Protein chains: 2
Amino acid sequence: MRTSIATVSLSGSLTEKLTAAASAGFDGVEIFENDLLASPLTPEEIRARSADLGLTIDLYQPMRDIEAVPPKEFERNLRRAEHKFRLMNRLGTDTVLVCSSVSPLAVDDDALAAEHLHRLAESAQEHGVRVAYEALAWGRHVSTYDHAWRIVEAAGHPALGTCLDSFHILARGCDPKGIEAIPGEKIFFLQLADAPLMAMDVLQWSRHYRCFPGQGGLDVTGLVRHVINAGYTGPLSLEVFNDVFRQADAGPTAVDARRSLMLLQEAAGIAAPPAPVQPTGFAFAELTTPDAGAVSSLLGALGLARTARHRSKPVELWQRGDARILVTTDPVRHRDGLALAALGLESPDPVGAAARAESLLAPVLPRYRAPQDAPLDAVAAPDGVEIFFCATDRAGLPNWREDFPPLSGDGAGDRDPRGAVLRIDHLALTQPWHQFDEAALFHRTVLGLRPQESVDVADPYGLLRSRAVTNDDGTVRIALGIGPGPSDDAGRAQHIALATDDVVAAARAFQDAGGRPLPVPPNYYDDLAARFEFAPGEAETYRELGILYDRDEHGTFRHFYTETVGRVFFEVVQRDGGYRGYGAQNAPVRLAAQHALRPGRR
Amino acid sequence: MRTSIATVSLSGSLTEKLTAAASAGFDGVEIFENDLLASPLTPEEIRARSADLGLTIDLYQPMRDIEAVPPKEFERNLRRAEHKFRLMNRLGTDTVLVCSSVSPLAVDDDALAAEHLHRLAESAQEHGVRVAYEALAWGRHVSTYDHAWRIVEAAGHPALGTCLDSFHILARGCDPKGIEAIPGEKIFFLQLADAPLMAMDVLQWSRHYRCFPGQGGLDVTGLVRHVINAGYTGPLSLEVFNDVFRQADAGPTAVDARRSLMLLQEAAGIAAPPAPVQPTGFAFAELTTPDAGAVSSLLGALGLARTARHRSKPVELWQRGDARILVTTDPVRHRDGLALAALGLESPDPVGAAARAESLLAPVLPRYRAPQDAPLDAVAAPDGVEIFFCATDRAGLPNWREDFPPLSGDGAGDRDPRGAVLRIDHLALTQPWHQFDEAALFHRTVLGLRPQESVDVADPYGLLRSRAVTNDDGTVRIALGIGPGPSDDAGRAQHIALATDDVVAAARAFQDAGGRPLPVPPNYYDDLAARFEFAPGEAETYRELGILYDRDEHGTFRHFYTETVGRVFFEVVQRDGGYRGYGAQNAPVRLAAQHALRPGRR
């Protein structure tokens, strides 16, 4: 089906919005009246610009407070409408949205509303355009889609149909099944928006918190199925009022928007992009740094060994068990210090995984690879981290490790195996503040991971939010975080958590090797002793080694943190008994300690 | 009464919070447990630091999920509580807050709850401390203050009392009158918070949207009166969970907090700061600039004349009618260009107005004045703009104008009087994004102005909010605005609106004098013609001159804007028939035009 987006969903000037919509691959737009009014372009210029960009103008919107008003008022409205019909001719669009009246002048009289809409449609027809009447959830007398349809039916005019809006219908808890009773050709337009489930005034909810389908809690997919069943053949169009999207760059927002529409079509069974391929583990995490000194010391203290070097690039492989960290020395790319630049996901079908990502508009990254290098498909996540779809030492698939000839003699083979790191437990990645919901959607749909509940974490300087995405067996866990606002850097740190089955031995070995753990305040341990019953000496060990402790209904979690290098720090974790979380309870203590160490504080 | 603040209300580390509370003049603090846990200071060090700062520790909080649980659980809770009682001894605080249980293990059994609280109080007494039991609005079985009090009464222990929290009581719509039935000595503590009226989940409302008394919509004053009537003699303590305050600097937040408590005491009749003195007009607005060239041209084109110069400072007075603009050349202070740095308010009692401002913690500004200069009292508003309390040419009061000997020959006396500016109509001042509510409170209480409704304005790059404060006859109007977030600069512009009684003549004269009005897109005028019925030629005149038009139920508003110099632009407005607004309807068009002109956009 054709896809469209309302200009009000995107940030910027009208020309910026049109450009972003076209670049993201939308077929058309709805022109929001205020965007036109504020534009220096004439309607003819807007029409030409849209055509040049390959966009149709599918709707002009909105007209308000037209129907069921006193006669003098209605004549004035009709005059105003005729003005807009002429404008639509200049714009080259044939459908206008009329919202059910919220005017205090409007009366509760369906027959009068139908008569007025008939007269409006008559005038529209004379101008070669048509009217799509929509029930606002807070309309004065008409607030449900079936009521709006009854009035349209009673008006009985070929230039009059209805417009359905998923937010207005689902926010009021209406059953969308009744949509199937409306003849498809009388559904002139379909506007789609999702929203997080919130108990709040519906007008404020609508104006500020709408989001793209799949980001919220409404069953937009189910509604679309009913509309398709009714025989609707027009575009699927996004109309999203969202305070954050108003500020975010239009380009990425438009891409996120279109991806959400593609997923909606997949879910509704009307499109079939390549199937998702869930990753089965972390192949590697890649750090880039202008100077590998500090991170090499840290990795060494954590018990990883430099085991291989890329045959043609300045990339070293550090490893212990299945924990693999690539360290790329690149003075240009990360002048500010160490950063997590890429991650490799172990994939049962790397080519299929990349095909899905590409079809869902993930930017495919160019690879500068030597002829002998293994082919590696990579895309960029919303936060710019590169995601590689890999196979490690698996028969029949290109093996990225073959690009890394082993180094000899620089191992850590003589280190005590107790407390050794086994694998990457999870990665924590800070997202651009305005793309938190989109990041969760990306990881869910493009990578096939499952989002967990969002949690709020109190940083001393503002609330952070965190949401984990995982694969089914927990071998891939990524905690997506955001700070409290655009200017905040408290949450910008990234971290790599390494799993061990003996965190006490790991902490000892780390310190014996010269590693500096993040200091944990004594008050934390006093509280721990009040909250839990420990074996004799146990709490003292944690206190001595800076180990934090948490427990859920499944089991326990013990973990310690390293100092931060550049933007990155490490965590070593031991999960027992099926603990599922990430120690969020301890995050405020960790954050306060990190703030205290930061040069210059904030 | 003594004043206190919970550390959770302020941003930063525990020591930052203590310092901010002490600097703002609070007598004590509530220590929020997580702040203690995350602090590297021992309890003894926190106690000493507080004492050094002159702060008592009035409360330790919170203990949760203590009462009415199965026996084994309760024994564990008691052990945990004893741990905390010992901690309180180390901290030197004698009262702990116990919140009504939200645990799924808790049973609905008041007798058991009373028995458990009695045992808890017994243990507290042994440690020399006492327990204040509070009903959380979302408590599992106990969610109202009268229910909590019945349990406390039934428990009948001298070390057990109740804690009242204005949010928990008023958010549920409970009648606070019943508080008077509680013996004052059994009210161990009083926590105060306001909140904007919002239809949302009470837990989320409480955790994210609380604000200081007077900033929200709850009748905190009425509640305090009942608590006083009951005989309560403890501190008035603020406990405010607010996402914005968590990020804002603790120092200004603490000052805002204490001011709100002083106003609350004034409103409740338990304190009497100097009475407010409402201003009666604008004496002047002061612009500072490193180079007066551009602003001089602009003021000249607006028909103002340079009529006087300060006798000892590089300050020039531009004037027309009662519109007076001071232009201070100061290359150091505003290197970035023109900024509105100060405003003079005409006051019937300048000394009294300054005394009230000072008593309400407005920073009093030092004046570097020559011996012969008129005394002028000034304070800083939350946005840093200096506010002078002035008398202009009034008998018996020092006259600031006498510091400005007149210049000769540089008048605009030969300019056509039609369209002359008459006075300052309003000022629009951008507030720090996290102090919008506080700015409204400051202008209302310190300056005696009346806040109007907040309005949202759609900027192309994000929503702005605006709220006007005015005096009773509308001769002082200040529009306070904020942008969408901390990093946003779209809303940083300030503007001065000048009143005329012939905006068409004013616009002509401005352009004839070489002034450049802000360009208004033709689409705006097409829409205007559809919305209103104009006399023949009227709309064409507006279009030709870049005049915008609005109408409310009282009258009409016509206005045009100048280009922006530095951070400042001017508006010339004509109000007819008692129009009360500020043309908010036209603001998106104005903002889009200003963005389009900005070098480099964003």
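What follows is a set of questions and answers on the chain interface, the domains and the salt bridges.

User: Happy to start with the ground rules: what kind of model is this, and how are residues and chains labelled?

Analyst: Residues are numbered from 1 along each chain as its sequence is written, while chains are lettered from A and ligands numbered from 1 in the order in which they are written. Side-chain values use heavy atoms, with hydrogens and water left out, local features need pLDDT of at least 70, side-chain atom pairs count only at pLDDT 80 or more, totals for chains, interfaces and linings use all residues, and this is a predicted model.

User: Thanks! How many residues of chain A and chain B are in contact, and what area is buried between the two chains?

Analyst: Contact means heavy atoms within 4.5 Å, and under that rule 54 residues of chain A meet 54 residues of chain B. Buried area is the accessible area (1.4 Å probe) that two parts lose on being put together, summed over both. Carbon and sulfur atoms give 51% of the area buried between chain A and chain B, which is about 4100 Å².

User: Which element gives the largest share of the side of chain A that touches chain B?

Analyst: Let's begin with the polar side of this interface: it has 16 residue pairs in polar contact, both residues at pLDDT 80 or more. A polar contact is a pair of N or O atoms within 3.5 Å; within protein, one must be able to donate a hydrogen and the other to accept it, and residues adjacent in sequence count only if both atoms are side-chain atoms. Elements that give two or more residues to the side of chain A include helix H4 (71-91), strand E17 (450-459) and helix H15 (522-531), where helices (H or I, at least four residues) and strands (E, at least two) are DSSP runs numbered from the N terminus. The largest share, 7 residues, comes from H15(A).

User: How many salt bridges are there between chain A and chain B?

Analyst: A salt bridge is a side-chain nitrogen of Lys or Arg within 4 Å of a carboxyl oxygen of Asp or Glu. One such pair is B:Glu533 with A:Arg76, whose closest N and O atoms are 3.8 Å apart. Between chain A and chain B the count is 6 salt bridges.

User: Which residues are linked with A:Lys84 in a network of salt bridges?

Analyst: A:Lys84 sits in helix H4 of chain A and is buried, at 6% relative accessible area (buried means under 20%, exposed over 50%, partly exposed in between, with a 1.4 Å probe and protein chains only). Leaving aside neighbours within four places in sequence, A:Lys84 is in contact with A:Glu33, A:Tyr60, A:Met63 and B:Asp527. The network links A:Lys84 with A:Glu33, B:Asp527 and B:Arg531.

User: Which three residues supply 45% of the area that domain 1 of chain A buries against domain 3 of chain A?

Analyst: The area buried between these domains is about 890 Å², with carbon and sulfur atoms giving 60%. More than any other three residues, the ones that supply 45% of what domain 1 buries there are A:Gln215, A:Arg259 and A:Leu263.

User: How many residues apart in sequence are the parts that A:Arg516 and A:Glu563 tie together?

Analyst: The closest N and O atoms of this salt bridge are 2.8 Å apart. A:Arg516 is exposed at 53% relative accessible area, whereas A:Glu563 is partly exposed at 24%. A:Arg516 lies in the loop between helix H14 (503-512) and H15 of chain A and A:Glu563 in strand E22 (residues 556-565), so the pair ties together parts whose separation in sequence is 47 residues.

User: And is A:Asp527 buried or exposed?

Analyst: A:Asp527 forms a salt bridge with A:Arg531, the closest N and O atoms being 3.3 Å apart. Both residues lie in helix H15 of chain A, 4 residues apart, about one turn of the helix. A:Arg531 is partly exposed at 25% relative accessibility, whereas A:Asp527, at 3%, is buried.
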